[in-house]
Amino acid sequence: MIHKTKKLLLKPWFQLVLTVLFVTTSEVFLKRGAVEAPRLPEQVNWTGVSGLASPNVWYGILFVIASFISWLYVLRFIPLTIAYPLSNFVHVLIPLSSWLFLNEHISVQRWCGIALVLLGVLIVAKPVARMEEKL
Amino acid sequence: MTPVSALLIFIALILYILGQLFLKHAMESDLRSARFKKNFAVGLSAMTVSFFITLGLLQHFDLSYLYPFQGLSVVIISLLAAAILREKLTPRLFIGAALISAGVVLVSLS
């Protein structure tokens with residue numbers, strides 16, 4: 001069991017899935033935290049450091065760090081021309097999570113954009129999946 | 001969107017792209033070499049600055065509106081990875097990357 005888990009964790013493709021999930025989770029926490037944060041005077045407002053006052057921002061940062069570590073592992077084994085487009089599955093998951101958890105509105109045009117991203121990800125993923133089967 | 005926020009979105013995007021390229025380059029080298037340390041440090045710094053600018057922008061814009069600007073990075077990163085890091089960019093991969101970028105731009109314009 002432990003051996004199997006370890007074997008799965010060492011797979012670059014599994015780490016890519018984890019990256020995508022961690023990034024999505026972090027963005028939801030960061031948005032929640034950023035809204036809660038106190039507004040600073042205009043001159044320093046743009047850095048977003050006041051966000052550090054919110055625990056949600058810190059949860060977000062933890063998930064950013066987790067996603068970063070799994071992404072570094074992915075980079076060691078998968079070319080950027082494949083890994084980076086696939087990681088953009090977050091552009092499907094993040095709007096869906098914004099809709100589900102943050103009550104943000106998604107227009108028809110936006111749904112179309114999300115569908116295009118999904119199509120692009122599938123086009124990149126398909127030959128890669130076939131390559132994996134052969135291994 | 002004011003000129004200042006447009007500029008900040010642009011700067012965050014450029015730093016993010018540079019960060020990805022430097023990190024990829026670093027991870028492909030010997031993890032104990034001096035070259036790894038240098039490339040990793042540059043990549044990490046660029047991404048950190050980009051992160052805090054994005055966090056600041058999130059205080060003013062909806063997440064589903066703001067985040068997709070980074071989608072433009074797909075085509076740019078694919079092209080630069082092929083040009084600079086000598087990775088293989090097949091027509092199929094490029095079409096996939098272009099569709100993703102187009103989709104993300106459509107999302108951010110709506």
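Val117(A), setting aside its neighbours within four places in sequence, is in contact with Asn88(A), His91(A) and Val92(A) in its own chain letter, and with Ile100(B), Gly103(B) and Val104(B); two residues are in contact if their C-beta atoms, placed from the backbone, lie within 7 Å. Everything here comes from a predicted model, in which local features need pLDDT of at least 70, side-chain atom pairs count only at pLDDT 80 or more, and totals for chains, interfaces and linings use all residues. Residues are numbered from 1 along each chain as its sequence is written, while chains are lettered from A and ligands numbered from 1 in the order in which they are written.

- A residue is buried if 20 or more other C-beta atoms lie within 10 Å of its own, exposed if 12 or fewer, and partly exposed in between, with C-beta atoms placed from the backbone.
- In soluble globular proteins, nonpolar side chains tend to be buried together.
- His91(A), one of the contacts of Val117(A), counts as buried because 30 other C-beta atoms lie within 10 Å.
- His91(A) and Val121(A) are 30 residues apart in sequence, and their C-alpha atoms are 10 Å apart in space.

**Chain A: fold and helix 6**

- Chain A has seven helices and zero strands; helices (H or I, at least four residues) and strands (E, at least two) are DSSP runs, numbered from the N terminus.
- Of its 135 residues, 38% count as buried.
- Among chain A contacts between residues at least 6 apart in sequence, 70% join residues at least 24 apart.
- His91(A) is found in helix 6 of chain A, where the buried residues are Val90(A), His91(A), Val92(A), Ile94(A), Pro95(A) and Ser98(A).
- The axes of helix 2 (residues 12-36) and helix 6 (residues 90-101) of chain A come within 9 Å and cross at roughly 35°; axes are lines fitted to C-alpha atoms, for helices over the stretch in contact, and angles run from 0 to 180 degrees between N-to-C directions.
- That crossing of helix 2 and helix 6 of chain A is right-handed; a crossing is right-handed if the near helix is turned clockwise from the far one by less than a right angle, and left-handed if anticlockwise.
- Helix 2 of chain A brings Val20(A), Val23(A), Thr24(A), Glu27(A) and Val28(A) to this contact, and helix 6 of chain A brings Val90(A), Leu93(A), Ile94(A), Ser97(A) and Phe101(A).
- By class, the residues of this contact are seven nonpolar, two polar and one charged; Ala, Val, Leu, Ile, Met, Phe, Trp, Tyr, Cys and Pro count as nonpolar, Asp, Glu, Lys and Arg as charged, and the others, Gly among them, as polar.

**Where chain B meets chain A**

- 38 residues of chain B are in contact with 42 residues of chain A.
- Helix 1 (3-27), helix 2 (34-58), helix 3, helix 4 and helix 5 (91-109) of chain B each supply at least two residues of the side that touches chain A.
- Helix 5 of chain B gives the most to that side, with twelve residues.
- The side of chain B that touches chain A has 24 nonpolar, nine polar and five charged residues.

**Chain B on its own**

- Chain B has five helices and zero strands, and 42% of its 110 residues count as buried.
- Along its principal axes, the C-alpha trace of chain B spans about 45 × 35 × 20 Å.

**Positive phi in loops**

- Most residues other than glycine have a negative phi.
- Asn103(A) has a positive phi, near 55°, and sits in the loop between helix 6 and helix 7 (108-134) of chain A.
- Asn103(A) is exposed, with 7 other C-beta atoms within 10 Å.
- Arg86(B) has a positive phi near 60°, lies in the loop between helix 4 and helix 5 of chain B, and is exposed, with 8 other C-beta atoms within 10 Å.

**Confidence**

- The model scores ipTM 0.83 and pTM 0.82.
- Mean pLDDT (the predictor's confidence in each residue, from 0 to 100) is 88 for chain B, and 93% of its residues reach 70 or more.
- Within chain B, confidence is lowest in helix 3 (residues 63-66), at a mean of 63, and highest in helix 4 (residues 73-84), at 94.
- Where pLDDT is low, the predicted coordinates should not be read in detail.
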